[in-house]
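Good morning, colleagues. Please take a moment to look at the structure on the screen before I describe the surroundings of its ligand.

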Amino acid sequence: MKVLVINGPNINLLGLREPTIYGKDSYDDLVSMIRDEADKLGIEVGFIQSNHEGALVDAIQNAYGNFDALILNPAAYTHTSVAIRDALKAVSIPTVEVHLSDPDSREDFRKVSYIRDICEASIVGKGFKGYIEALQYLVKRYRSVEG
Ligand code: DQA
């Protein structure tokens, strides 16, 4: 099984950006934590982080035929991007939406997610652990479907 972890704008600044909300650990720390879990689960994992909406759309399109599932934190684009939603619908790859914080408990403009209703699950407000839960969820789902 191959899972692609896609992170949107400013996630590269983890550790620096608003540590009271996003924590003190870096994006590299996040990647290595997910890699360790992927090793334990015996699956392959890929990573893309971009600050550009079109690059995220490209990443979703290029995942078609190459990855079995996606973990997606579109960051600020969660609340604005019809293009990311359309790309997800086009490729129809099982996706879990992850947010480090709980956007629903923050400013009103974060309460809308353009992807939530087309994702298999949304995991919010659990920090880095949310990505681990998403990976475990997708592996369990894949193994129950593929046998
Ligand atoms: C975020 C929440 C978004 O509202 C915000 O724009 C982000 C990060 C999160 O992981 O909590 O950049 O997606």
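The ligand is surrounded by Arg-17, Tyr-22, Asn-73, Ala-75, Ala-76, His-79, His-99, Leu-100, Ser-101 and Arg-110, where a residue counts if one of its heavy atoms lies within 4 Å. This is a predicted model, in which local features need pLDDT of at least 70, side-chain atom pairs count only at pLDDT 80 or more, and totals for chains, interfaces and linings use all residues. Residues are numbered from 1 along each chain as its sequence is written, and side-chain values use heavy atoms, with hydrogens and water left out.

Let me turn to the polar contacts, meaning pairs of N or O atoms within 3.5 Å. Oxygen atoms of the ligand take part in each case: a polar side-chain atom of His-79 lies 2.7 Å away from one, a polar side-chain atom of Arg-110 lies 2.9 Å from one, and a polar backbone atom of Ala-76 is 3.2 Å from one. The protein covers 98% of the 320 Å² of accessible area that the ligand has on its own, by the Shrake-Rupley method with a 1.4 Å probe.

Elsewhere, the charged end of Lys-2 sits over the ring of Phe-67, 5.2 Å from its centre; the criterion is NZ of Lys or CZ of Arg within 6 Å of the ring centre and within 35 degrees of the ring normal.

Definitions and conventions. Polar contact = N/O pair within 3.5 Å; in protein donor to acceptor, adjacent residues only side chain to side chain.
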